[in-house]
Amino acid sequence: MIKVEELRRTFGPIVAVDSISFEVEKGEVLGFLGPNGAGKSTAMKMITCFLEPDSGTASVCGCDIIKSPVEARKKMGYLAESAPAYNEMTVSGFLNFICDAREIKGQERKDAVERVVNMCSIEGVYHQSIETLSKGYKRRVGLAQALIHDPEVMILDEPTDGLDPNQKHEVRELINSMAKEKATVISTHILEEVEAVCSRTIIIDKGKILVDSTPDKLKQEHNCGLDEVFRKITM
Ligand SMILES: Nc1ncnc2c1ncn2[C@@H]1O[C@H](COP(=O)(O)OP(=O)(O)OP(=O)(O)O)[C@@H](O)[C@H]1O
């Protein structure tokens, strides 16, 4: 469902993403791991059509991100690293604004909003303005907007960042509950999260893919826990 082919992006002299290629099938949850500055967010921004690649491309459910970005975006839900929500809007106003942008109307809109509000447990802050929310609730609102059109592909940049342990658990359960029907990519620094939700993991450093494997295989091959595997590979 996701096919990434030789994606590359530089910022001046910095090669943020260096010709990476991989595929993600329906039902897979791919964990994107790497140290700070490895290129994870840049890769995600390119796949979700928020940043143009220097070269290479990707397709999402058969829609090329360069030739058909609008179609590709319809297939994806994207939670950005620092979810760009409109602070002065209420949660309700923001989710309805996203529905406007995605042309979700009438009863379909009512059902979609109700579904994501329940899924992300944001009933209690529904009428509150976004600027008054805690970091964890902002993250959940970001997740709600990413899921509002029930996308086939989810691209989630550090989805549990800023959440307390209970909320982290809830979001991981949520990802697991949806995983079968979707292709999912999440980036994270939390190795325990990889074990909890990812069926596959890519370790990226300095823009290059160093490892593409499953968490279990990595632990077996290196005969240690994932945190040690991560250190061995990236240090
Ligand atoms: N807009 C930009 N202008 C200049 N350099 C950038 C820009 N965006 C990213 N970079 C650089 O590209 C490299 C990759 O950054 P990126 O944010 O993709 O890494 P990351 O793996 O997501 O890091 P983190 O785990 O810290 O979020 C870094 O060296 C970063 O400084």
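Quick caveat before I go on. This is a predicted model, where local features need pLDDT of at least 70, side-chain atom pairs count only at pLDDT 80 or more, and totals for chains, interfaces and linings use all residues. Residues are numbered from 1 along each chain as its sequence is written.

Back to the ligand. Around it you'll find Phe-11, Ile-14, Ala-16, Gly-34, Asn-36, Gly-37, Ala-38, Gly-39, Lys-40, Ser-41, Thr-42 and Glu-81, where the cut-off for being near a molecule is a C-beta atom, placed from the backbone, within 6 Å of it. Helix H1 (40–47) and strand E2 (14–24) each give at least two residues to that shell, and H1 has the largest share, with three. Helices here are DSSP runs of H or I with at least four residues, strands are E runs of at least two, and both are numbered from the N terminus.

Now the whole chain. Its secondary structure comes to nine helices and 10 strands. The radius of gyration is 18 Å, close to the 18 Å that the globule rule gives for 235 residues, so the chain is as compact as a globular protein of that length. That radius is taken over C-alpha atoms, and the rule is 2.2 Å times the number of residues to the power 0.38. Along the principal axes, the C-alpha atoms fill a box of roughly 50 × 40 × 35 Å.

On burial, 41% of the 235 residues count as buried. That takes 20 or more other C-beta atoms within 10 Å of a residue's own; 12 or fewer is exposed, in between is partly exposed, and C-beta atoms are placed from the backbone.

Five of its five residues are buried, so E3 is largely enclosed by the rest of the structure. Val-29, Gly-31 and Leu-33 cover one face, while Leu-30 and Phe-32 sit on the other. E3 pairs in parallel with strand E8 (residues 183–187) over four bridges, and for a pair DSSP has to find at least two. Leu-30 has Val-185 as its bridge partner in E8. Four bridges also join E3 to strand E9 (residues 200–205), again parallel, with Leu-33 partnered by Ile-203.

There's an antiparallel sheet too: four strands, open, in the order E2-E1-E4-E5. E2 and strand E5 (63–64) are at the edges with a single partner strand each, so one side of each has no neighbour in the sheet. Strand E1 (residues 2–11) meets E2 over seven bridges, and Ile-2 is the bridge partner of Val-24.

Ile-2 turns up again in the largest nonpolar core, which has 64 residues. Such a core is a set of buried Ala, Val, Leu, Ile, Met, Phe, Trp, Tyr and Cys residues joined through C-beta atoms within 7 Å. Helix H5 (135–147) gives this core its largest share, six residues. Ala-144, one of those with the most contacts inside the core, touches Leu-95, Val-116, Val-117, Cys-120 and Ile-122, leaving aside neighbours within four places in sequence. Contact means C-beta atoms, placed from the backbone, within 7 Å.

Key:
Two residues are in contact if their C-beta atoms, placed from the backbone, lie within 7 Å.
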